[in-house]
Amino acid sequence: MNKSELIEHIATQSDISKAAATRALEAIIGAVKSTLKKGNSVSLVGFGTFAVTKRAARLGRNPRTGAALKIKAAKVPKFRPGKALKDALN
């Protein structure tokens, strides 16, 4: 499912227009992004938790030349599914 399919699903399930569903989805995505950018986590009970983890700097290799290169430290988003989501899949 891509973003437009998700918007269409939200619109039909909620009985709202696609424009309103688009604004709602964009608002949710924006809220998650801004919260993660501040270093906080977003927890949706029954669905899961979005959090930020720190990845340490490390040494990598260029696969074409084999030359060593430094990979900078980075903050990466992480999703931990909730119990209800796990149970729904099994």
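## Basis of the model

Because the structure is predicted, local features are given only at pLDDT of at least 70 and side-chain atom pairs count only at pLDDT 80 or more, whereas totals for chains, interfaces and linings use all residues. Residues are numbered from 1 along each chain as its sequence is written, and side-chain values use heavy atoms, with hydrogens and water left out.

## The three-stranded sheet

Three strands, in the order β1-β2-β5, make up an open sheet with antiparallel pairing; strands here are DSSP runs (E, at least two residues) and helices are likewise DSSP runs (H or I, at least four residues), both numbered from the N terminus, while two strands pair if DSSP finds at least two bridges between them. The edges are β1 (42-44) and β5, each of which pairs on one side only, and the twist averages 25 degrees from one strand to the next.

Strand β2 (residues 48-55) is joined to β5 by eight bridges in the antiparallel sense, and within this arrangement Lys54 stands opposite Lys75 in β5. Helix α2 (residues 18-37) lies across β1 and β2 and runs at about 40 degrees to β2, where axes are lines fitted to C-alpha atoms, for helices over the stretch in contact (heavy atoms within 4.5 Å), and angles run from 0 to 180 degrees between N-to-C directions.

## The β3-β4 hairpin

Strand β3 (residues 58-61) and strand β4 (residues 68-71) run antiparallel and are joined by four bridges, with Arg58 standing opposite Ile71 in β4. The two strands form a hairpin with six residues between them, and Gly66 in the turn has a positive phi of about 85 degrees.

Val52 is found in strand β2 and counts as partly exposed because its relative accessibility is 31%; the classes are buried under 20% relative accessible area, exposed over 50% and partly exposed in between, with a 1.4 Å probe and protein chains only. Apart from its neighbours within four places in sequence, Val52 is in contact with Leu36, Lys75 and Val76. Val52 and Glu8 are 44 residues apart in sequence, with a C-alpha to C-alpha distance of 29 Å.

Phe79 is found in strand β5 (residues 74-81), and its relative accessibility of 34% likewise makes it partly exposed. Together with Leu44 and Phe47, Phe79 forms a nonpolar surface patch with about 250 Å² of accessible area, an area from the Shrake-Rupley method with a 1.4 Å probe, for which only the protein chains shown count as cover. Patches are made of residues with over 30% relative accessible area and no salt bridge, with like charges joined within 9 Å and nonpolar side chains (Val, Leu, Ile, Met, Phe, Trp, Tyr) within 5 Å; a salt bridge is a side-chain nitrogen of Lys or Arg within 4 Å of a carboxyl oxygen of Asp or Glu.
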